[in-house]
Amino acid sequence: MTALPNLTRALRALLGGDDRFGAKPFAGLTRAYDIACQNVRYFYLASTLYVWLFIPTLHNSVIHNPPLEHAWPLIWAKGLPILVVVDVISIACATFAALAFWKPANVLWRAGFSLTLLMCAAVPVSLGGVNHGYHEWIWISFILIFLPAQSGIQPDRAAKLSYCLTFGAAQGLILLFYTMAGSWKALYGFAALFRGEPGNFSPDALGWTLADRMAQTNTEPLLGPFLVEYSILAWPMFVGLIFVQLVAIAVAFRPSLHALWGWILIAFHTGTFLMMEIAFPTHIAILLFLLVASPFQRGPMLSWETLHHLPVIGGIFKRLMGSAQPVSTPPISKGGEAHALPNL
Amino acid sequence: MVALMPPPAGSSETYPFFNWSLFSHSSDSVTDALAIIHSIDGKPLAEPVSFYDLPEEFAAAGARDARFMKLVDKLAHAINTKDDAQIQSSRDLIEQHFMREASSVEYEIAIARFHPFERYKEGKLRSVEVLGRYSKK
C-alpha cells in the first residue's frame with residue numbers, strides 16, 4: 001500500500017530536486033494568475049501577427065493547384081477548389097487569433113483558433129512533408145482551450161488554480177517535447193558507444209550533422225563551414241545541448257529555472273539558424289511566453305542557488321560550494337523578479 | 001504515447017503527433033535518398049546533380065524546401081516496398097509541384113552512401129544505388 005506514495009515521492013524528488021513548490025505551493029497565486037493571463041493574451045497577439053504573415057506563403061503554396069495528398073484535417077476539402085479552401089481557413093485562423101486576443105475568456109475563439117491552425121498546418125503536410133515548426137503552436141493552442149471559462153471576471157481561488165494548472169500543463173508539454181528530442185540523441189549516442197562506433201558523443205558529431213545538412217540542401221549558414229572545419233569546438237556545445245534537452249522536463253517542476261531554460265533553449269534555436277539555416281520562430285515566441293516570462297519563476301534567473309537546482313548536476317555544485325543544507329526557495333516575488341510582461 | 005507508436009503505412013508520422021526525433025543520429029557514414037537530375041526540358045546537364053543544386057531552375061530548390069527531401073524519402077520507401085499507389089502519388093507531387101518550372105525532367109531516385117565531410121568538401125559519394133529512373137513529361 002505504501003509503494004505508490006513512495007514512488008510519487010521519489011518521482012517528485014527526481015523531477016523537482018530542492019526546488020519544489022514547497023509547503024506553500026499556492027503562495028503568490030494571484031500574481032501568478034495575473035501574469036499567466038497576460039502571457040495568454042500575448043500568445044494570441046503573436047498568433048494573429050504570425051498567421052497574417054503566413055497567409056501569403058500558404059496561398060502561394062497551392063496557387064498552381066498541386067496534386068495534394070490530403071492530410072486528415074483537410075479530408076473534407078477533397079474535390080473543393082484548394083485555393084479557396086486555404087484562403088478561407090487561413091483568414092479564419094488569423095481572425096480567431098485576433099478574437100482570442102480581444103476576449104481570451106471566450107472558449108469559442110480559442111477553440112476556433114486551435115482547429116483552424118490545425119487545418120492551416122495540414123496544408124504543408126498535404127504537400128509531401130510535415131513542417132515541425134507548427135507542432136508546438138498547435139499543441140499550446142489546444143491546451144489553452146481548457147482554460148477555465150470564468151477567468152477574467154473576478155475569478156475565485158479555484159478558477160485561478162485551474163488557470164495556473166492549465167498554463168503549467170502547457171509549460172510541461174513543451175518541455176517534454178525537448179526531453180523527447182534529447183532522449184533520441186542520448187539513446188543513439190549511447191547505442192553507438194556501446195557498439196564502439198562513431199556517434200553522437202564523438203568529437204566530430206555536430207560537424208558531421210552540419211556537413212550533411214549543408215551538402216544536402218546546398219546552403220552556407222553563417223557558422224556552418226567554420227564549425228565543420230573546427231568541429232572539435234562544437235563538441236562541448238553538442239553534448240551540452242543533449243543534456244539541456246534531456247533534462248528539460250524536470251525544469252517544469254523547478255520554477256527557479258524556468259527563465260534560464262527559456263533563454264538557453266532560445267539560444268539553441270538561434271544556433272540552429274546560424275549553423276543550419278533552420279529557423280523556428282514560433283518556438284522562440286512560445287519559449288518567451290511560457291518560460292522566460294513564466295508566472296511561476298522564483299527569485300532571480302541567475303544566482304548561486306539556481307546552480308543548486310540544476311537537474312542531475314545541481315548536487316555537484318552544492319558540494320563544491322560547501323552547502324550541505326537544502327536551499328530555501330523564496331516565494332514568487334512581488335517585485336519585478338518574475339519577469340512579467342507589461343500590462344496589455 | 002501516440003507519437004511513439006509506428007505511424008500509418010506510407011507516412012513518417014501521425015500528424016500532429018511527433019516523436020521529436022530531429023537530427024538524432026550523427027555518424028561518419030550517412031545513407032540518404034537523393035533525387036538526381038539528368039536533364040531539364042530535353043537538355044542534358046553537364047553532369048547529373050542533386051535537385052537542391054539547381055536553385056536557378058527550381059524555386060523549391062532555391063528556397064531549400066525541406067518538404068522535397070521528405071517526399072524523396074517517401075518515394076524511395078515506396079519503391080523499396082513496391083507500393084505503386086504511393087509511388088504515383090509522390091511522383092505527381094514531385095513532378096507537378098516541386099518541378100513545375102520545367103516542362104520535362106529526367107531524374108533518378110537513388111540511395112547514396114557517403115562520409116559527410118567528403119560529400120561537403122569534395123562532393124564525393126562512396127556509393128550510389130539507383131532505385132528508379134523517371135521522367136516528367
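Visitor: How many residues does the contact take from chain A and from chain B?

Guide: This is a predicted model, in which local features need pLDDT of at least 70, side-chain atom pairs count only at pLDDT 80 or more, and totals for chains, interfaces and linings use all residues. Residues are numbered from 1 along each chain as its sequence is written, and chains are lettered from A and ligands numbered from 1 in the order in which they are written. Two residues are in contact if their C-beta atoms, placed from the backbone, lie within 7 Å. On that basis the contact takes 35 residues from chain B and 38 residues from chain A.

Visitor: Which element gives the most to the side of chain A that touches chain B?

Guide: Helices (H or I, at least four residues) and strands (E, at least two) are DSSP runs, numbered from the N terminus. Those giving two or more residues to this side are α4 (107–126), α5 (135–144), α6 (157–195) and α7 (205–217) of chain A. With nine residues, the element that gives the most is α7(A).

Visitor: Are helices α2 and α12 of chain A roughly parallel or roughly antiparallel?

Guide: Axes are lines fitted to C-alpha atoms, for helices over the stretch in contact, and angles run from 0 to 180 degrees between N-to-C directions. The axes of α2 (residues 29–61) and α12 (residues 281–292) of chain A come within 10 Å and cross at roughly 165°. Angles under 35 degrees count as roughly parallel, over 145 as roughly antiparallel, 65 to 115 as roughly perpendicular and the rest as oblique. α2(A) and α12(A) are therefore roughly antiparallel.

Visitor: Which residues of α12(A) does α2(A) meet?

Guide: The α2(A) side of this contact consists of A:N39, A:Y42, A:F43, A:A46 and A:Y50. In α12(A), they meet A:T282, A:A285 and A:F289.

Visitor: Which residue in β4(B) is the bridge partner of B:E108?

Guide: Strand β3 (residues 105–114) of chain B pairs with β4(B) in the antiparallel sense over nine bridges. For B:E108, the bridge partner in β4(B) is B:R133.

Methods. Pairing = 2+ DSSP bridges.
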